[in-house]
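Here is a short briefing on one protein model. Look over the sequence and the fold, then work through the points below.

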Amino acid sequence: HGHQDMEILTWPLEGAIEHKDSTGAGSVITPGMMQAMSAGSGVTHSEFNHHADSTLKFLQVWILPKALGGAPGYQEHDYSADLDDRWVLVASPDGAGGSLSIKADDRVYAARPSDGTTIRLELQSGRGLWLHVAKGRAVVNGHAVATGDALYAESIDAIEATGVDGAELLLFDLA
């Protein structure tokens, strides 16, 4: 199927997802990896369970780009070794710190705080924040959250998250 004018981020939670697209990109991504597809002026792609006999669970996030059109693109990176007990920048407008480059003024972080461990991230004032609990449970800025929950805040200076029950968190720092 086809898309255009979207930044599409895929975050596997369980299993392996296979991707193929009209730019010639193709790969298999697994938990701890982030995939970024810029649909640009148009791209056709398919995604499917790489192992038909096992479960596949993943999150897919669609972000509006700063400008429409442009060339489609594909990137991926394995962050699995870096996520324990810290926030890791996984997508940003400029590819800072080894993050995937997206055509939006948003920054995406991932973390897996160990049970009882608190991690903190300073944020730029005047921006919005969306936090999604991908797995487990956590206490985020005093709020207990569990798998599938989300928190939104505007103009927040920092976020503190304490892991509970195998937490995996995605944080969107939004323009």
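A residue counts as buried when its relative accessible area is under 20%. Buried residues make up 45% of the 175 residues in this protein. The model is predicted. Its secondary structure has zero helices and 16 strands. The radius of gyration is 16 Å, close to the 16 Å that the globule rule gives for 175 residues, so the protein is as compact as a globular protein of that length.

**Overall build**

- The C-alpha trace spans about 45 × 40 × 25 Å along its principal axes.
- Take the contacts with a separation of 6 or more: 69% of them join residues 24 or more positions apart.
- The accessible surface comes to about 8,000 Å². Carbon and sulfur atoms hold 50% of that surface.
- The protein has 11 positive and 24 negative charges.

- Strands of a sheet pair through backbone hydrogen bonds, either parallel or antiparallel.
- In this open sheet the strand order is 1-6-3-4, and the pairing is antiparallel.
- Which strands stand at the edges? They are strand 1 (2–3) and strand 4 (26–29). Each has a single partner strand, so one side of each is left without a neighbour in the sheet.
- Strand 1 pairs with strand 6 (residues 43–49) over two bridges, in the antiparallel sense. Here His-3 stands opposite Val-43 of strand 6.
- Strand 3 (residues 17–21) pairs with strand 4 over four bridges, again antiparallel. Here Glu-18 stands opposite Val-28 of strand 4.
- Strand 3 and strand 4 form a hairpin with four residues between the strands. In this hairpin, Gly-24 takes a positive phi near 100°.

**Covered and uncovered faces**

- In a regular strand the side chains alternate between the two faces of the sheet.
- Strand 4 has Ser-27 and Ile-29 on its covered face. Gly-26 and Val-28 are on its uncovered face.
- Strand 12 (residues 118–122) has Ile-119 and Leu-121 on its covered face. Thr-118, Arg-120 and Glu-122 are on the uncovered one.
- Strand 12 runs antiparallel to strand 16 (residues 158–174), and five bridges join the two. Ile-119 stands opposite Ala-161 of strand 16.

**A closer look at Ala-110**

- Ala-110 is found in strand 11 (residues 107–111).
- Is Ala-110 buried or exposed? Its relative accessibility is 0%, so Ala-110 counts as buried.
- Which residues does Ala-110 contact, leaving aside its neighbours within four places in sequence? Among them are Trp-11, Leu-83, Trp-87, Val-90 and Leu-170.
- Glu-168 lies 58 residues from Ala-110 along the chain, yet their C-alpha atoms are separated by 7.4 Å.

**Two loop residues with positive phi**

- Asp-5 is not a glycine, but it has a positive phi of about 55°. Its place is in the loop between strand 1 and strand 2 (7–14). With 16% relative accessibility, Asp-5 counts as buried.
- Asp-85 is not a glycine either, and it has a positive phi of about 60°. Asp-85 lies in the loop between strand 8 (73–78) and strand 9 (88–92). With 32% relative accessibility, Asp-85 counts as partly exposed.

How values were computed:
Residues are numbered from 1 along each chain as its sequence is written. This is a predicted model: local features need pLDDT of at least 70, side-chain atom pairs count only at pLDDT 80 or more; totals for chains, interfaces and linings use all residues. Side-chain values use heavy atoms; hydrogens and water are left out. The radius of gyration is taken over C-alpha atoms; the globule rule is 2.2 Å times the number of residues to the power 0.38. Buried means under 20% relative accessible area, exposed over 50%, partly exposed in between (1.4 Å probe, protein chains only). Contact means heavy atoms within 4.5 Å. Accessible areas come from the Shrake-Rupley method with a 1.4 Å probe; for residues, only the protein chains shown count as cover. Lys and Arg count as positive and Asp and Glu as negative; His and the chain ends are not counted. The place of a charge is taken as NZ of Lys, CZ of Arg, CG of Asp or CD of Glu. Two strands pair if DSSP finds at least two bridges between them.
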